[in-house]
Amino acid sequence: MPKFVLSCDVAKGKSTFGLFEFEDGSLKTIKRPRNYEHNLDGLMAMYNDFELKDREDVLVMMESTLVYQTPLVVFFKSHGLENVVVENPLLIARKSFGYLRAVYILFMAGVMVPVHCTLVSVSKISSTLGS
């Protein structure tokens with residue numbers, strides 16, 4: 001089970017990233033949300049600032065924005081972060097996720113996380129992580 005959540009609020013040309021840790025059923029802020037540009041320099045700065053190298057325990061989450069999340073998906077996948085999820089914001093707003101509720105509240109508040117080449121349903125994630 002992932003220990004950390006990298007959240008991303010995706011926008012055109014830049015995104016806001018925040019790093020959180022699962023602790024006792026809630027999320028603890030590890031790195032406050034910051035803005036980074038959608039270019040190699042901006043994404044590498046984020047990757048280094050959030051100390052993501054050699055991290056297998058990070059779940060990257062973001063809302064689907066049609067095309068704006070695509071560079072993020074490619075970046076995270078190419079840098080070894082395999083737990084990357086893109087979800088439809090309408091599905092997030094309509095479901096109750098128990099264990100992941102804090103993650104989705106942050107997501108809807110606009111602090112959320114990055115990408116996934118293969119779309120994975122939130123209910124699958126919830127059941128995998130033990131809702």
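Predicted model: local features only at pLDDT ≥ 70, side-chain atom pairs only at ≥ 80, totals over all residues.
Biologist: What makes up the secondary structure of the protein chain?

Modeller: The protein chain has five helices and five strands, where helices (H or I, at least four residues) and strands (E, at least two) are DSSP runs numbered from the N terminus. From the N terminus on, the order is β-β-β-α-β-α-β-α-α-α.

Biologist: How many aromatic pairs does the structure hold?

Modeller: The structure holds five aromatic pairs. Rings of Phe, Tyr and Trp (its six-membered ring) pair if their centres lie within 6.5 Å; planes under 30 degrees apart count as stacked, over 60 as edge-to-face and the rest as tilted.

Biologist: Why is the pair of tyrosine 36 and phenylalanine 50 called edge-to-face?

Modeller: The ring centres of tyrosine 36 and phenylalanine 50 are 6.0 Å apart, and their planes stand at 65 degrees, so the pair is edge-to-face. Tyrosine 36 belongs to strand 3 (residues 26-37) and phenylalanine 50 to the loop between helix 1 (40-49) and strand 4 (58-63), so the pair ties together parts 14 residues apart in sequence.

Biologist: Why do tyrosine 36 and phenylalanine 50 count as buried?

Modeller: Buried means under 20% relative accessible area, exposed over 50%, and partly exposed in between (1.4 Å probe, protein chains only). Tyrosine 36 has 8% and is therefore buried; phenylalanine 50, at 1%, is buried as well.

Biologist: What makes phenylalanine 75 and phenylalanine 76 an edge-to-face pair?

Modeller: Their ring centres lie 5.7 Å apart with planes at 80 degrees, so this pair is edge-to-face. Phenylalanine 75 is buried at 5%, and phenylalanine 76 is buried at 0%. Ring pairs link Phe17, Tyr36, Tyr47, Phe50, Phe75 and Phe76 into a cluster.

Biologist: How do you know that the charged end of arginine 34 sits over the ring of phenylalanine 50?

Modeller: A charge sits over a ring if NZ of Lys or CZ of Arg is within 6 Å of the ring centre and within 35 degrees of the ring normal. The charged end of arginine 34 is placed over the ring of phenylalanine 50, 5.7 Å from its centre.

Biologist: Which residues touch the most other members of the largest nonpolar core?

Modeller: A nonpolar core is a set of buried Ala, Val, Leu, Ile, Met, Phe, Trp, Tyr and Cys residues joined through side-chain atoms within 4.5 Å. Of the 22 residues in the largest one, Leu6, Phe17, Met46, Leu52 and Phe76 touch the most other members. At least two residues of this core come from each of strand 1 (4-10), strand 2 (14-23), helix 1, strand 4, helix 2 and strand 5 (84-87). Apart from it lies another core, of seven residues, including Val5, Leu27, Leu59 and Met61.

Biologist: Which residues does methionine 46 touch, not counting residues up to four places away in sequence?

Modeller: Contact means heavy atoms within 4.5 Å. With that exclusion, methionine 46 touches Leu6, Phe17, Tyr36, Leu52, Phe75 and Phe76.

Biologist: Why is glutamate 21 called buried?

Modeller: Glutamate 21, located in strand 2, has 11% relative accessibility and therefore counts as buried. Its side chain joins that of lysine 3 in a polar contact of 3.4 Å.

Biologist: What makes a pair of atoms a polar contact?

Modeller: The pair consists of N or O atoms within 3.5 Å; within protein, one must be able to donate a hydrogen and the other to accept it, and residues adjacent in sequence count only if both atoms are side-chain atoms. Another polar contact, of 2.7 Å, connects the side chains of threonine 65 and glutamine 69. Threonine 65 is in the loop between strand 4 and helix 2 (70-78), and its 15% relative accessible area makes it buried.

Biologist: Is glutamate 51 buried or exposed?

Modeller: Glutamate 51 has a relative accessible area of 53%, so it is exposed. This residue lies in the loop between helix 1 and strand 4 and has a positive phi of about 50 degrees although it is not a glycine.

How values were computed:
Residues numbered from 1 in each chain as written. Heavy atoms only, no water.
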